[in-house]
Amino acid sequence: MIRVSLALLILAGGAQAAQPLAPMDLFELEYATDAQISPNGERVVYVRHFSDVMTDRRYKNLWIIDADGTGNRPLSAGKHRVSSPRWSPDGSRLAYLSDESGSGQIHVRWMDTGDTAAITSGAHPPGNIAWSPDGGRIAFTRLVPEPPLVIGGMPPAPEGAEWAPPPKYTDKLAFRFDHVGEVPPGYMHIFVVAADGGTPRQVTQGERQFGVGNFVWAPEGESFIVSADLAEGREMFGAGNPDIHEVSLEDGSVRRLIDRDGPDAAVTVSPDGRHIAYVGYDDRRQGHQQNDLYVADRDGSNVRNLTGTYDRHVQSAARRGGGGPQWAPDGRGIHAAVHDEGNARLVLFSLDGSRRIAAEDVGAGEMGYISHNTLFSISDRGRLAYTVPGPAMPGDVAVADPGRAGRMLTGLNDDLFAGRELGQVEELRWKSSKDGRGVHGWIIKPPGFDASRKYPLILEMHGGPFADYGDVFDTEKQLMAAAGYVVLYTNPRGSISYGEEFGNLIHHAYPGDDFHDLDSAVDHVIGMGFIDENQLYVTGGSGGGVLTAWMIGNTDRFRAAVAFYPVINWESFIFTADLSGLFLEYWVPGLPWRHRDNFEARSLLKVSENVTTPTLIMTGEEDWRTPMSESEQYYKALKLQGVETVLVRVPEEPHGIVARPSHAMSKMTTLLGWFDKHSGHSGD
């Protein structure tokens, strides 16, 4: 384990923390993602995230550091969004995406001189950049737009007239998507451009989505290996069933390599070009389906499952910028990020069936989800570069040599945390009152914790619901602890990283018995002796908002509740959320009028008649994942039944309410204000 922050070492050496974390510290926090090591293993380029208090925006720049931890310096600066650094095969150049020229485009930097140039332009930004094996070309994906749908023919407006904007037509199921907004009509295709600029050439064609999954160059540089669902007319954000294909660079012809009922994603090619590796599963239409890691011959034959007896989830792509497996340089194994009991770790799976942990902890971010930002990279000699989360660090850069423990290179928040006292994280395990099943979680104790005192408790629940928390830095929970609360967060049934059977205990039964896991968690912490039983509070976002409504619909033990962007009415949710097709196929047994009993059994509206807990609901007005209409239904259901209720609408915010730093801050000031209002001693 290497998750040690310099700030904690300073504290251990005798320096005293000045004060707890404060809401304005959100503008001071930084973290690293996407650590990309040079081919020779001597330098690491990473993305450094920060916020600006004057513009209330989040930005990203590129930094570079030597593999011995020296020479940390910026490669880009200013209020830009720079991402996806990728070294050329010989390490002489760096390609990346940047909006520094006004719109997001591919830039190339010559590392010896520092000269940079934008090598693409156009209205539609590129993504998924990849160098050719010879370093002469860069492949990328980009939208090829289609004309918008129009029904009928409008006469032209008279000269000088100011008519209203025209109607918007759609025949797509996913016509709106969270964090995207209106989905532009068209198809994602693969392009190639010379590494020193020029006119990109479109390689793939037709009404097929080539850019929603991933692609890699074949070692000979004459084709791509692609994970994609190539059904004609496939929607850009449909659930899909991607297979593995080989695409000729010369003529764009496609040959299917892997075909089954189930997604095959995150494909990568062995260094010698003889094998492919990918992750996926046989689709059983379950809520949680655990990825396995497969290897096959280049032509798709001789498929082997390397993780068939390893009951853990192999990650294909993280929720926010994660990556898939990568071959070891000698071609004898594949590195992959694996979820295991609240941690994400890198595991080397050898072709002979053995495995070993290559890095104990990987990830980054300001939230407690372990699946965030697990991109990693490997040098020509096998040195790994990755980012590490911990209870006291959002994400710092580390490297690890084969068979050796990792070592930290950065401490991006050491200056801030040297003057702050963070809440200490303690791991817990308990038995569910439902069936005696073991459940896992953590508490964060308030700074200056004194076990002889009694503290208020906040139960905070994760979303997903097929996700998991870990003992990693979480800004929101640390701010709750800084306000004097013990914060309890858990991985109840349905959480991933505890095996597929545990994850599917809520299949077509969510919310449900997870109540007992969570209620038992509260009892367990009360039994530790330092909780005021009359000061219990509950909150959560998304799936955690669902569980907030479920908890207060089944118990009155909480003094107040805050539900962030919940689902309340599963029937309306299925028909208004951006991922309607996925939710209908995997989260519910079928159309609601055919399965009334199932929908009724887990209806948050039905249990609203039991609610007496003062409840605040807070949702972004541009949330298309759990739309505002869900929150409005719950608000009015409680209001009409005489429950003290407040609805908070956050302008311009999608799911999560973290797009603008001030809005992320307002989540916590609103929550703490609501809980303080109902504590019985506010203003004391």
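Strand β40, helix α11 (residues 628–640) and strand β41 together form a right-handed β-α-β unit. Right-handed here means that, with the strands pointing away from the viewer, the path from the first strand over the helix to the second runs clockwise. Helices (H or I, at least four residues) and strands (E, at least two) are DSSP runs, numbered from the N terminus. The two strands, β40 (residues 615–620) and β41 (residues 645–650), pair in the parallel sense over six bridges; strands count as paired if DSSP finds at least two bridges between them. To find your place in this pairing, look for threonine 619, which stands opposite arginine 649 in β41.

Before going on, please note that this is a predicted model, in which local features need pLDDT of at least 70 and side-chain atom pairs count only at pLDDT 80 or more, while totals for chains, interfaces and linings use all residues. Residues are numbered from 1 along each chain as its sequence is written, and side-chain values use heavy atoms, with hydrogens and water left out.

Glutamate 652 has a positive phi of about 65° although it is not a glycine. With a relative accessible area of 51%, glutamate 652 is exposed; the cut-offs are under 20% relative accessible area for buried, over 50% for exposed, and partly exposed in between (1.4 Å probe, protein chains only). Helix α12 (residues 661–677) then runs for 17 residues and reaches 24 Å from its first C-alpha to its last, close to the 24 Å expected at 1.5 Å a residue. That expected span is 1.5 Å times one less than the number of residues. Among the buried residues of α12 are Met665, Met668, Leu671, Leu672, Trp674 and Phe675.

Asparagine 302 is another residue other than glycine with a positive phi, near 55°. Its place is the loop between β22 (292–297) and β23 (304–305), and at 55% relative accessibility asparagine 302 counts as exposed.

Now to the charged side chains. A salt bridge is a side-chain nitrogen of Lys or Arg within 4 Å of a carboxyl oxygen of Asp or Glu, and by this rule the count comes to 42. In one of them, aspartate 25 meets arginine 420 at 2.8 Å, N to O. Aspartate 25 lies in the loop between β1 (19–20) and β2 (31–37) and arginine 420 in strand β33 (residues 420–421), so this pair ties together parts that are 395 residues apart in sequence. Both aspartate 25 and arginine 420 are buried.

Aspartate 523 and arginine 557 also form a salt bridge, again given as 2.8 Å, N to O. Here aspartate 523 belongs to helix α5 (residues 514–526) and arginine 557 to the loop between α6 (543–554) and β39 (560–564), so the pair ties together parts 34 residues apart in sequence. Aspartate 523 is partly exposed, with a relative accessible area of 40%, and arginine 557 counts as partly exposed at 23%. Elsewhere, salt bridges that share partners join Arg312, Asp340, Glu341, Arg345, Glu360, Glu427 and Arg429 into one network.

Finally, two prolines deserve a glance. A cis peptide bond joins glycine 464 and proline 465, with omega about -5°, and proline 465 lies in the loop between β36 (455–461) and α3 (475–482). Tyrosine 510 and proline 511 are also joined by a cis peptide bond, with omega about -5°; proline 511 lies in the loop between α4 (500–503) and α5.
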